[in-house]
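Here are my notes on the model, point by point. Please read them with the structure open.

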Amino acid sequence: SEIGSVIRILMLGVPPDIDVEALMTAMRSVDRVEDVHHVHVWAIDEHRNSIEAHVVVPDGAAGNARDVRDRIRALLRDRFGVMHATLEIERASECHEGEGASAIGHRIEVLH
């Protein structure tokens, strides 16, 4: 319903047409991506979705961060219709995230 989409946007809810697990799997398949975590997906409005994520690359690949970001953004746009992506690149040696998954408010946060 129309009111449901408005509430979902106001609550920063995950868009119903986005499969977050499939999205993360696709992001991890990009060359030089070791892992993805702190993934937040939400609707900006009824027609635009956004994502924030931390992307882990091998220590030696950090210099190619722009290329990795560009390839992930193209994948998100073409396969998932996500037009706005904020991606933080982390070197593998600097990533110390714990394991597990949790829901934060009405966003979904997935930790590796």
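1. How many residues does α3 have, and how far does α3 reach from its first C-alpha to its last? The model is predicted. In it, α3 has 16 residues. The reach is 21 Å, close to the 22 Å expected at 1.5 Å a residue.

2. Which residues of α3 are buried? They are A65, V68, I72, L75, L76 and F80. Down the axis of α3, the buried residues fall within an arc of 95 degrees, so they line one face of the helix. The face turned away from that buried side carries R66 and D78, which are exposed. The cover over the buried residues of α3 includes α2, β2 and β3. Just after α3 comes G81, with a positive phi of about 70 degrees.

3. Now the sheet. Three strands form an open sheet in the order β1-β2-β3, and the pairing is mixed. β1 and β3 stand at the edges with a single partner strand each, so one side of each has no neighbour in the sheet. On average, neighbouring strands are turned by 15 degrees against each other, direction ignored.

4. Take the antiparallel pair. Strand β1 covers residues 35-43, and seven bridges join it to β2. The two form a hairpin, with five residues between them. V36 stands opposite V55 in β2. V41 has I51 of β2 as its bridge partner.

5. Then the parallel pair. Nine bridges join β2 to strand β3, residues 82-91. Here A53 stands opposite L87 in β3.

6. Why is strand β2 described as largely enclosed by the rest of the structure? Because eight of its nine residues, in the stretch 49-57, are buried.

7. How do the helices sit on the sheet? α2 lies across β1, β2 and β3, and runs at about 135 degrees to β1. α3 packs on the sheet and touches β2 and β3. The direction of α3 makes about 145 degrees with that of β3.

8. Which residues have the most contacts inside the largest nonpolar core? They are L23, M27, V39, I51, V55, I72 and L76, in a core of 26 residues. At least two core residues come from each of α2 (20-28), β1, β2, α3 (65-80) and β3. The largest share, six residues, comes from α3.

9. Check two backbone angles. Most residues other than glycine have a negative phi. R32 has a phi near 75 degrees, a positive value, and is not a glycine. R32 is placed in the loop between α2 and β1. Its relative accessibility is 27%, so R32 counts as partly exposed.

10. H38 is the other angle to check. Its phi is positive, about 45 degrees, although H38 is not a glycine. H38 lies in strand β1. Is H38 buried or exposed? H38 is buried, because its relative accessible area is 18% and the cut-off for buried is under 20%.

How values were computed
Residues are numbered from 1 along each chain as its sequence is written. This is a predicted model: local features need pLDDT of at least 70, side-chain atom pairs count only at pLDDT 80 or more; totals for chains, interfaces and linings use all residues. Side-chain values use heavy atoms; hydrogens and water are left out. Buried means under 20% relative accessible area, exposed over 50%, partly exposed in between (1.4 Å probe, protein chains only). Helices (H or I, at least four residues) and strands (E, at least two) are DSSP runs, numbered from the N terminus. Two strands pair if DSSP finds at least two bridges between them. A nonpolar core is a set of buried Ala, Val, Leu, Ile, Met, Phe, Trp, Tyr and Cys residues joined through side-chain atoms within 4.5 Å. The expected span of a helix is 1.5 Å times one less than its number of residues. The arc is that of the directions from the helix axis to the C-beta atoms. Contact means heavy atoms within 4.5 Å. Axes are lines fitted to C-alpha atoms, for helices over the stretch in contact, and angles run from 0 to 180 degrees between N-to-C directions.
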